[in-house]
Amino acid sequence: MSNESGNSSGTSVSRVRGRVVGVPKRCWCGELVVSLMSKSAANPYRRYYRCAFAVERKLSNDNHTYKWVDEALVDEIEALTCRISRLEHTILAESVEEKKKKLAELEMKLEVEVFARV
Ligand SMILES: [Zn+2]
């Protein structure tokens, strides 16, 4: 039991056991996440994501991945919306920079040509 020594190095594999944003692909335990149908009276036919390991061992009240599909999809859409608007900003900023660069290059060429003619 006391064999576990304190980790001196700063690098540690972080396995998040909390909520995952969007659709979970893998549980923190490394097992794949599967989608299943709820058979409970409270949520009949509601689909949910579950850690395959927990399903196989019929675990309950554990901390393996468990998330409603509809909630996960709403999360996913929100995350995607954020990503898209961030990308749009990046693309717009880039294209403006590109145009400025090309304009500067053209001006240089023109200047050179004008000087050559004088
Ligand atoms: Zn798991």
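Start by selecting C27, which counts as buried because its relative accessibility is 5% (buried means under 20% relative accessible area, exposed over 50%, partly exposed in between, with a 1.4 Å probe and protein chains only). You are looking at a predicted model, in which local features need pLDDT of at least 70, side-chain atom pairs count only at pLDDT 80 or more, and totals for chains, interfaces and linings use all residues. Residues are numbered from 1 along each chain as its sequence is written, and side-chain values use heavy atoms, with hydrogens and water left out.

Now bring up the zinc ion. Its protein donors are C27 (SG), C29 (SG), C51 (SG) and H64 (ND1), at 1.9 to 2.3 Å; donors are N, O and S atoms within 2.8 Å of the metal (3.2 Å for Na, K and Ca), and sites may look incomplete since water is not among the atoms. Along the sequence, the donor residues follow the spacing C-x1-C-x21-C-x12-H. Helices (H or I, at least four residues) and strands (E, at least two) are DSSP runs, numbered from the N terminus. H64 is buried too, with a relative accessible area of 11%.

Then move on to W68, in strand β3 (residues 66–68). W68 counts as buried, because its relative accessibility is 13%. Show its surroundings: apart from neighbours within four places in sequence, W68 is in contact with S38, N43, R46, R47 and Y48 (contact means heavy atoms within 4.5 Å).
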